[in-house]
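Dear colleague,

Please find the structure below, handed over for your records. A written account of the findings follows it.

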Amino acid sequence: MTVLSLAGQPAPSWTEVGTFLTGAAAFVISVIALAVAIWTGKHNRRNADAAETSATAAKDSAASSGRSADAAEQAVRSATEILDIEKKRQHDAYRPPQPDSPRFEVVLNERTGQRNLFFVFSMPRSYRVLADKVERNARTPLGVDRLVRAGSTQRVHVETLVPGREQPLASEIHLRFWPPSAEVDEVELWTCPCGLPTHEGGTAHWEWNVSVVFPPSPSHQPA
């Protein structure tokens, strides 16, 4: 029996209705799948953008940390340079001032008739001192006060002059200086922070090399 529609046309068969519904369901499923795919794509894109932003931020943070480390290292270098400059300044300030014109004296001993050559100097502050002379490429220790006190005048005997000889045998005097010793020296104490040895002996903290000059005329020394 043929089923008629209200318009007088034959009604679709159940097979046709099932086919339509199946197609409609497939269409709806396709639309839903498309919507899900679009949402998933946008979500993944947001995640990718967030990851890219995080990576950029991490890169910027690493660069900033590197700049901070470089700045800190430069600050340390600058502070070290300033400290070294200040140490050198203090080292130069404490250096015993060497006279431009060394003072030598020839003293005649009236009793013996011998002429004795002396090197004369004084210090603005107290120093530990050792001295020697260069004579014919050899060094000989000189008798000098181990502690030269501030303001005192030192007369260091260089040699007894050979009769008839117009020039001394010694060609140079070498003096080595250190700050006073806190353990034994009863003077106003001071020290140099430059890092060179501050204890008497061995490497000098400061040095003088004085060329021996023969004075024109001797003074007299009582017998």
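Rings of Phe, Tyr and Trp (for Trp, the six-membered ring) are taken as a pair if their centres lie within 6.5 Å; planes under 30 degrees apart count as stacked, over 60 as edge-to-face and the rest as tilted. By this rule the count comes to 9 aromatic pairs.

The model is predicted, with local features needing pLDDT of at least 70 and side-chain atom pairs counting only at pLDDT 80 or more, while totals for chains, interfaces and linings use all residues. Residues are numbered from 1 along each chain as its sequence is written, and side-chain values use heavy atoms, with hydrogens and water left out.

Aromatic pairs

Phe-119 and Phe-121 form a stacked pair, with 5.4 Å from centre to centre and 25° between the planes. Phe-119 is buried at a relative accessible area of 0%, where buried means under 20% relative accessible area, exposed over 50% and partly exposed in between (1.4 Å probe, protein chains only). Phe-121 also counts as buried, at 4% relative accessibility. Phe-121 pairs edge-to-face with Trp-208, at 5.8 Å between centres and 70° between planes. This pair links distant parts of the chain, since Phe-121 belongs to strand E2 (residues 115–122) and Trp-208 to strand E8 (residues 206–211), 87 residues apart. Trp-208 is buried, its relative accessible area being 2%. Ring pairs join Tyr-94, Phe-104, Phe-119, Phe-121, Tyr-127, Phe-177, Trp-190, Trp-206 and Trp-208 into a cluster.

Charges over rings

A charge sits over a ring if NZ of Lys or CZ of Arg is within 6 Å of the ring centre and within 35 degrees of the ring normal. Arg-125 lies over the face of Trp-190, at 5.6 Å from the ring centre. Arg-155 lies over the face of Phe-118, at 5.2 Å from the ring centre.

The chain as a whole

The protein chain has 1 helix and 9 strands, in the order α-β-β-β-β-β-β-β-β-β along the sequence. Helices (H or I, at least four residues) and strands (E, at least two) are DSSP runs, numbered from the N terminus. Of the 223 residues, 25% are buried. Among contacts (heavy atoms within 4.5 Å) with a separation of 6 or more, 69% are between residues 24 or more positions apart. The chain exposes about 15,100 Å², of which carbon and sulfur atoms supply 57%; accessible areas come from the Shrake-Rupley method with a 1.4 Å probe, and for residues only the protein chains shown count as cover.

With kind regards
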